[in-house]
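Here are my notes on the model you asked me to look over. I have set them out as numbered points so that you can follow along with the structure open.

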Amino acid sequence: MSDDTECRQLCTFRIDGLLFGVEITHVQEVLRAQPMTPVPLANAAVRGLINLRGQIVTALDLRHRLGLAALPPGIEPVSWTSTPAASSARPRRSRPVRGT
Amino acid sequence: MHGKETELDRTILEAVKDPLTHVVRNAIDHGIEVPAARASRGKPRTGSLVLRAFHEGGQVIIEVSDDGNGLDTDAIRKKALERNLVPAEQIARMSDHELAQLVFLPGFSTAQQVTNVSGRGVGMDVVKTNVERIGGTVDLLSRPRVGTTLRIRIPLTLAIIPALMVAQGDHRYAIPQANLVELVRIEGAATRTAIERIHSSPVYRLRGQLLPIVDLGVALGTTSAPPAADIEDARLNIVVLQADDRMFGVIIDDIRDTEEIVVKPLGTELKGIAVFAGATIMGDGQVSLILDVVGLAQHAGVARARKDDSTPETRSAQRGVISAIDTKQALLLFAMRDSVVVALPLAEVARLEELSVDQLECTRNGFVVQHRGGILPLVDLVGVGQRKRGDSLSVIVYTRNERSIGLIVERIVDVVDEVVRLEQCGTEGDVLGAAIVQGKITELVDLQAVIGRHAPWFFEAEAA
């Protein structure tokens with residue numbers, strides 16, 4: 001390893017068999033499947049709203065964002081990661097993740 | 001100025017902006033004395049006006065203080081008696097502080113001189129009304145010759161609102177009570193006939209008034225609960241809402257409950273959806289969306305902003321004439337096309353003509369007919385080309401500035417006298433609105449708009 005190699009921590013997860021990573025500083029927490037309230041008329045990538053301990057967080061469907069096939073009905077995504085916006089501590093979006 | 005960093009909900013800020021301006025003007029105009037008077041009282045020649053804003057116990061307090069003359073309680077007492085605002089015996093018992101509050105009564109001004117910025121007696125009552133509308137209070141503290149302090153207390157946020165919870169499909173939505181007018185429930189066989197249609201817009205007749213109807217499931221693109229198989233069990237819930245100055249009805253699956261809800265903003269990803277004002281967390285932890293009534297009305301097209309028209313003045317003038325009249329008015333009923341009977345104020349019509357297809361001649365601008373030694377241009381609303389030779393045509397002639405134009409319509413039906421109560425109900429374009437004529441919902445045609453659309457040159461020539 002050379003000196004200029006920087007070490008970064010990533011939160012990794014799998015979607016549809018593919019391995020992805022998100023910089024851990026962007027991850028506030030990882031959640032299990034939550035009841036969601038869908039938002040009619042919203043962009044199709046918006047899965048719904050979840051109640052994160054009294055805060056309302058928009059859940060995005062990463063599968064949709066990445067153009068992958070939707071989860072077959074009946075199989076709930078396993079967990080979510082919630083990423084705070086770079087500038088604020090408020091969770092901005094959460095993403096469904098399979099098999100973290 | 002103190003407390004510039006004090007933050008306020010934007011909606012609240014909007015509500016206090018005008019009152020504050022007014023209060024500041026008042027203080028400068030009436031409160032602070034002229035320099036000479038100040039000097040004689042041992043005050044600095046320059047008056048001072050202090051604006052303070054700070055938080056106190058979940059409220060924001062805004063204070064406007066001046067070191068001026070204070071309120072002239074004798075003048076207030078005199079004025080109140082003069083204007084008969086408060087009974088004389090009550091005034092006699094009032095403390096100075098109570099007297100000071102009298103300036104909030106409508107029509108009160110103690111200023112000797114009316115200037116262009118204040119003193120017209122419309123002001124402090126408006127200040128009070130505006131502040132109270134957002135749940136705040138106004139207090140006035142005054143010490144003669146020392147100064148006046150006006151203190152406005154307003155809630156930090158309008159975030160907690162009473163709302164009606166309704167169910168649509170599998171989900172619940174909150175409707176702010178402030179927009180709610182009434183709830184209508186229709187049961188049994190009546191559900192089949194309750195909703196009528198004007199063209200494609202559904203309407204409901206609520207005590208003789210036409211109410212545009214929005215189906216929440218359709219508006220949101222979600223599915224509704226399947227209609228009850230048994231007509232006896234069928235029911236229709238209509239929530240009558242007020243959006244600005246327009247009323248409309250929303251069909252929902254079920255009405256649940258009223259609740260005090262905490263309004264939470266939606267994420268930036270969802271800000272663009274005008275139909276929702278925010279979201280809230282219900283007692284069971286579920287998230288519910290809050291409907292934005294004005295946004296919903298616009299989304300569903302029941303409160304669409306009127307399109308600009310080539311003749312806006314004439315349109316509005318004409319609309320004014322029709323809607324202002326509550327007495328009987330002669331209406332011409334005719335079928336414009338497709339056998340749909342519509343109405344037109346008879347006053348707009350110069351005359352009716354029966355013409356034969358054979359009389360028609362063709363020009364670049366469409367059909368014309370020789371008439372009384374002149375040329376009468378025609379607007380073909382029925383498709384004359386398909387008529388056989390020898391057929392007769394019904395023509396409505398409209399005259400303006402000694403120029404005439406004829407509208408070929410399908411059929412003249414009748415002339416009736418009706419009290420016209422014009423309702424806007426989601427219709428647009430060539431229609432002024434709808435009214436109940438002889439027990440049937442009939443659209444009133446905007447004749448000028450029809451002509452403007454089919455024969456724009458008719459009005460253009462006039463402008464030239």
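**Notes on the two chains and their interface**

1. Between chain B and chain A the count is 0 salt bridges, a salt bridge being a side-chain nitrogen of Lys or Arg within 4 Å of a carboxyl oxygen of Asp or Glu. The two chains do have 2 residue pairs in polar contact, both at pLDDT 80 or more. A polar contact here is a pair of N or O atoms within 3.5 Å; within protein, one must be able to donate a hydrogen and the other to accept it, and residues adjacent in sequence count only if both atoms are side-chain atoms.

2. A word on the ground rules. This is a predicted model, in which local features need pLDDT of at least 70 and side-chain atom pairs count only at pLDDT 80 or more, while totals for chains, interfaces and linings use all residues. Residues are numbered from 1 along each chain as its sequence is written, chains are lettered from A and ligands numbered from 1 in the order in which they are written, and side-chain values use heavy atoms, with hydrogens and water left out.

3. How much area is buried between chain B and chain A? It is about 1,600 Å², with carbon and sulfur atoms giving 70%; buried area is the accessible area (1.4 Å probe) that two parts lose on being put together, summed over both. On the chain B side, Glu269(B), Leu270(B) and Val287(B) lose the most area to chain A, together 34% of what that side buries. Strand E6 (171-176), helix H8 (216-220), strand E14 (276-281) and strand E15 (287-291) of chain B each supply at least two residues of the side that touches chain A. The largest share, 4 residues, comes from E14(B). In terms of contacts (heavy atoms within 4.5 Å), 21 residues of chain B meet 18 residues of chain A.

4. Now the chains themselves. Chain B has 12 helices and 26 strands, while chain A has 1 helix and 7 strands, running β-β-β-β-β-α-β-β from the N terminus. Helices (H or I, at least four residues) and strands (E, at least two) are DSSP runs, numbered from the N terminus. Buried residues make up 44% of the 464 residues in chain B and 40% of the 100 residues in chain A. Buried means under 20% relative accessible area, exposed over 50%, and partly exposed in between (1.4 Å probe, protein chains only).

5. Over all chains, the whole structure holds 14 salt bridges. Glu33(B) and Arg41(B) form one of them, at 2.8 Å from N to O; Glu33(B) is buried at 11% relative accessibility, and Arg41(B) is partly exposed at 38%. Glu33(B) and Arg41(B) also belong to a salt-bridge network with Arg38(B), Lys43(B) and Asp67(B).

6. Two further pairs deserve a look. Glu63(B) and Arg52(B) form a salt bridge with the closest N and O atoms 3.3 Å apart, linking strand E2 (residues 59-66) to strand E1 (residues 49-56) of chain B across 11 residues. Glu63(B) is buried at 6% relative accessibility, and Arg52(B) is partly exposed at 34%. Arg207(B) pairs with Glu182(B) at 2.6 Å; Arg207(B) is exposed, with a relative accessible area of 64%.

7. Finally, the search of the whole structure finds 0 disulfides over all chains, a disulfide being a pair of cysteine sulfur atoms within 2.5 Å. Cys7(A) is exposed at 79% relative accessibility, and Cys362(B) is exposed at 63%.
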